[in-house]
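Hi,

Here's the structure I promised to pass on.

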Amino acid sequence: MEEQEGTLPQKSDFSGWYNDILWRAEIMDVRYPVKGLYVWYPFGFSIRKRVYGILRELLDRDHEEALFPLLIPETEFMKEAEHIKGFEEEVYWVTHGGTTPLDVKLALRPTSETAIYPMYALWVRSHADLPIKIYQIVNSFRYETKHTRPLIRLREITSFKEAHTVHATWDEAENQVEDAIARYQEFYDRLNIPILISKRPDWDKFPGADYTIAVDTIMPDGRTLQIGTVHHLGDHFSKTYHVCYEDSKGEQQYCHQTCYGISERSIAALISMHGDDRGLILPPEVAPVQIVIVPVIMKKRETEINQAAELLAKELQDAGYRVKIDTRDMRPGAKYYYWEMKGVPLRLEIGPRDIDNGIVMAVLRTGGKESLPRSSIIPEVERKLKEQTDALLNRAENHIKDHLFMVNDASALPEKVLNGVAAIHWCKNRECADRIEEIADASVLGTDVRTSLIDLCTGNCIICGKPGSLVTLVGRSY
Ligand code: 5CA
Ligand code: ZN
């Protein structure tokens with residue numbers, strides 16, 4: 001790794017901070033010579049492994065993991081009209097095998113409906129084959145024309161978790177949508193990232209869906225990031241791909257489907273929500289290193305101190321913690337700086353006086369120094385890590401509260417959306433939405449909002465005054 005020069009920009013300069021922390025904390029190397037493609041460093045990859053481990057754990061309760069091909073024949077891809085319209089500008093095409101033009105062009109999956117559903121058509125025969133709940137975690141390719149950004153807007157999405165389910169009825173698919181939302185809520189709870197759930201306006205739903213429920217969070221600069229979506233596909237795709245079952249009367253019925261996806265944007269949100277001016281701050285559950293032990297060396301007791309550090313590390317490792325001892329020949333300050341940048345939740349310092357007094361000095365990444373009794377170090381460490389998790393959640397919720405504004409007067413919109421997200425009442429009428437977007441210079445993100453952070457009573461549309469209008473989010477998004 002090259003020498004680290006200068007310092008991390010302050011988080012208040014979010015864009016500078018974000019770009020810098022990715023290499024300083026060794027998450028992504030952005031120097032790969034293709035636009036929109038980036039390289040995971042081992043440290044970043046090990047965060048990814050743990051974050052996706054949580055996702056797998058949640059889905060494995062009642063889904064099965066599978067793997068479908070990357071290449072989709074043009075003939076299959078072109079079958080569903082709305083879906084094509086939504087993606088045609090974003091697809092990469094493989095046109096040649098060596099120097100020979102292919103008879104049928106092959107798309108690099110931008111998402112896998114058109115790869116998976118022709119196979120589902122073969123797999124589903126009778127009611128007994130339903131429901132199907134399958135997911136895969138793969139790379140997918142989108143020729144994005146908006147400004148690309150590591151982990152946020154990629155041309156190769158490296159960590160695309162897509163789930164695809166098949167059900168007998170529309171209502172069963174709707175239940176699955178609710179189930180997926182609950183699963184995503186649980187996922188982001190585990191990462192201490194508060195989310196806003198809402199229904200995308202019709203013109204912004206997934207191409208080929210009946211409706212789309214989106215999961216957004218608010219980034220440090222007040223812009224929203226869509227970090228997950230759940231789509232009710234109705235029977236659009238099953239009619240196109242003939243995903244049918246025979247009902248009890250022997251008649252063919254079209255299935256109803258859902259799909260839902262999460263990408264490495266979840267990791268962009270994790271980094272951005274919790275990090276500070278000194279670097280990453282990771283929730284213990286996903287931190288590659290949870291505890292770093294820094295021996296404070298005094299020359300004539302060096303062996304004794306190092307032994308004490310190793311004993312401590314061993315005890316913590318045996319209790320299941322991911323621990324590193326930093327014995328590098330560097331100033332302690334430089335070591336602290338290094339591990340703080342990497343977001344390690346807890347630092348333990350052990351020196352001659354600590355040994356004599358039977359204590360260990362503990363410094364939490366979220367702040368605060370405390371001496372812990374060496375004799376009960378395991379429960380004490382557990383308590384400290386819990387303290388860090390609580391602090392992260394608390395800070396993140398305050399961040400959302402500070403950037404989410406109830407707005408009843410349209411003229412206040414421009415100022416509010418410069419600082420965050422406006423929650424308004426909207427009647428679902430397109431003309432009112434256009435007017436809102438024009439006044440706010442921001443987008444109508446979603447309606448029928450679900451969150452515990454604001455009051456969700458219905459009210460009068462902020463434009464036309466229609467009563468009974470639902471709470472709707474307006475903001476600038478990534
Ligand atoms: N087939 C459906 C569900 S799997 C689908 O593709 N939905 S999606 O288009 O909304 O993508 C799912 C999620 O992937 C989005 O909510 C967003 O968080 C993420 N995502 C979409 N495009 C990109 C991109 N270019 N870079 C990074 N993440 C992306
Ligand atoms: Zn209205």
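Lys133 touches Asp62, His63, Glu64, His164, Thr165, His167 and Gln176, leaving aside residues up to four places away in sequence; contact here means heavy atoms within 4.5 Å. You'll find Lys133 in strand β7. Helices (H or I, at least four residues) and strands (E, at least two) are DSSP runs, numbered from the N terminus. Two of those neighbours also make polar contacts with the Lys133 side chain: the side chain of Asp62 at 3.5 Å, and that of Gln176 at 3.1 Å. A polar contact is a pair of N or O atoms within 3.5 Å; within protein, one must be able to donate a hydrogen and the other to accept it, and residues adjacent in sequence count only if both atoms are side-chain atoms.

Before you go further: this is a predicted model, where local features need pLDDT of at least 70 and side-chain atom pairs count only at pLDDT 80 or more, while totals for chains, interfaces and linings use all residues. Residues are numbered from 1 along each chain as its sequence is written, chains are lettered from A and ligands numbered from 1 in the order in which they are written, and side-chain values use heavy atoms, with hydrogens and water left out.

Now the backbone. Leu130 and Pro131 are joined by a cis peptide bond, with omega at about -10 degrees. Pro131 sits in the loop between α5 (113-123) and β7 (132-141). Then there's Lys428, which isn't a glycine but has a positive phi, near 80 degrees. Look for Lys428 in the loop between β21 (421-426) and α14 (430-440).

On to ligand 1. For the side chain of Arg265, the distance from a ligand nitrogen to an N or O atom is 3.4 Å. Ile152 uses a polar backbone atom instead, 3.3 Å from a ligand nitrogen.

Last, some helix packing. Helix α1 (residues 14-24) packs against helix α8 (residues 265-274) at about 115 degrees, with the axes 11 Å apart. That makes α1 roughly perpendicular to α8, a label for angles of 65 to 115 degrees. Axes are lines fitted to C-alpha atoms, for helices over the stretch in contact, and angles run from 0 to 180 degrees between N-to-C directions. On the α1 side, Phe14, Trp17, Tyr18, Ile21 and Leu22 meet Ala268, Ile271 and Ser272 of α8.

Helices α2 (residues 42-59) and α6 (residues 170-190) cross at roughly 145 degrees, and their axes come within 10 Å. Val51, Ile54, Leu55, Glu57, Leu58 and Leu59 of α2 make this contact with Arg183, Glu186, Phe187 and Arg190 of α6.

Cheers

Definitions and conventions:
Angles under 35 degrees count as roughly parallel, over 145 as roughly antiparallel, 65 to 115 as roughly perpendicular and the rest as oblique.
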